[in-house]
Amino acid sequence: MSILVVWASPNQDGLTSAAKDNILKGLSEAGGEAEALHLNKRDIRCCRACGNGWGLCRSEGRCVINDDFSEDYQRLVSAEAIVWITPVYWHDLAENLKAFLDRLRRCETRRNHFLKGKKSLLVACAGGTGREA
């Protein structure tokens, strides 16, 4: 099974990174084929809410912004399952994951539905010290 492990954290030595490493190790030991996608290393821009709020994402299922989103979206479509890993800062997802999910939602919800029914797991890690989160 090909699994894409999408993770978002500016800290490559923190809890989120350790969770990613442990998940990749466990998947490998179980005989799974997994690859990591580190969103902090990708050029993912925020949604522009083109036109009247829906651009080509609604009519064609693609985004007009020329960055890494289209390539990463195709990687999600090709994967048999997805693991999402994020730190939680101020009780919310990492900013770059939110930006990615905003654009993904627009392409998926109204048009494509490529990810419908795809197995998925979300891992949330306490950001910073982890205290009080």
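## The largest cavity and its lining

With three residues, H4 gives the most to the lining of the largest cavity. The model in which this is seen is a predicted one, and the structure holds one cavity of 30 Å³ or more. The space in the largest cavity comes to about 100 Å³, and of the 16 residues that line the largest cavity, Cys-47, Cys-50, Cys-57, Cys-63 and Arg-106 are the closest to its centre. At least two lining residues are supplied by each of helix H2 (56-59) and helix H4 (95-112). By residue class, the lining of the largest cavity is made up of 10 nonpolar, two polar and four charged residues.

## Helix H4 and what covers it

Helix H4 has 18 residues, which at 1.5 Å a residue should span 26 Å, and the 24 Å between its end C-alpha atoms agrees with that. The buried residues of H4 are Asn-96, Leu-97, Ala-99, Phe-100, Arg-103, Leu-104, Arg-106, Cys-107, Glu-108 and Asn-112.

Arg-58 has its place in helix H2 and counts as partly exposed, because its relative accessibility is 35%. Once neighbours within four places in sequence are left aside, Arg-58 is in contact with Arg-110 and Arg-111. Tyr-73, which has its place in helix H3, counts as buried, because its relative accessibility is 6% and the cut-off for a buried residue is under 20%. Leaving aside neighbours within four places in sequence, the contacts of Tyr-73 are with Gly-61, Phe-100, Leu-104, Cys-107, Glu-108, Asn-112 and Phe-114.

| Pair | Separation in sequence | C-alpha to C-alpha distance |
|---|---|---|
| Arg-58 and Arg-110 | 52 residues | 5.6 Å |
| Tyr-73 and Leu-104 | 31 residues | 7.3 Å |
| Trp-90 and Glu-108 | 18 residues | 27 Å |

## Helix H1 and its two sides

Helix H1 covers residues 15-29, and its 15 residues reach 21 Å from the first C-alpha to the last, which is close to the 21 Å expected at 1.5 Å a residue. Which residues of H1 are buried? They are Thr-16, Ser-17, Ala-19, Lys-20, Ile-23 and Leu-27. Seen down the axis of H1, these buried residues fall within an arc of 160°, so they line one face of the helix. An α-helix has 3.6 residues a turn, so residues three or four places apart point the same way.

The face of H1 that is turned away from its buried side carries the exposed residues Asn-22, Lys-25, Ser-28 and Glu-29. On the buried side, the cover includes strand S1 (2-7), strand S2 (33-38), strand S3 (81-88) and strand S4 (119-126). After H1 comes Gly-31, whose phi is positive and near 90°.

## Loops on either side of H4

The loop between S3 and H4 holds Trp-90, which counts as exposed because its relative accessibility is 83%. His-91 has its place in the loop between S3 and H4 as well, and its phi is near 60°, a positive value in a residue other than glycine. His-91 also counts as exposed, since its relative accessibility is 63%.

Just after H4, His-113 takes a positive phi of about 60°, and this residue, too, is one other than glycine. His-113 is found in the loop between H4 and S4. Is His-113 buried or partly exposed? With a relative accessible area of 42%, His-113 is partly exposed.

How values were computed:
Residues are numbered from 1 along each chain as its sequence is written. This is a predicted model: local features need pLDDT of at least 70, side-chain atom pairs count only at pLDDT 80 or more; totals for chains, interfaces and linings use all residues. Side-chain values use heavy atoms; hydrogens and water are left out. On a 1 Å grid over the protein atoms alone, a cavity is a set of points where a 1.4 Å probe fits but cannot get out, and a pocket is an open set with protein on both sides within 12 Å along at least five of seven lines; lining residues have an atom within 4 Å of a point. Grid points are joined across faces, edges and corners, and a volume is the space filled by probe spheres set on the points. Helices (H or I, at least four residues) and strands (E, at least two) are DSSP runs, numbered from the N terminus. Ala, Val, Leu, Ile, Met, Phe, Trp, Tyr, Cys and Pro count as nonpolar, Asp, Glu, Lys and Arg as charged, and the others, Gly among them, as polar. The expected span of a helix is 1.5 Å times one less than its number of residues. Buried means under 20% relative accessible area, exposed over 50%, partly exposed in between (1.4 Å probe, protein chains only). The arc is that of the directions from the helix axis to the C-beta atoms. Contact means heavy atoms within 4.5 Å.
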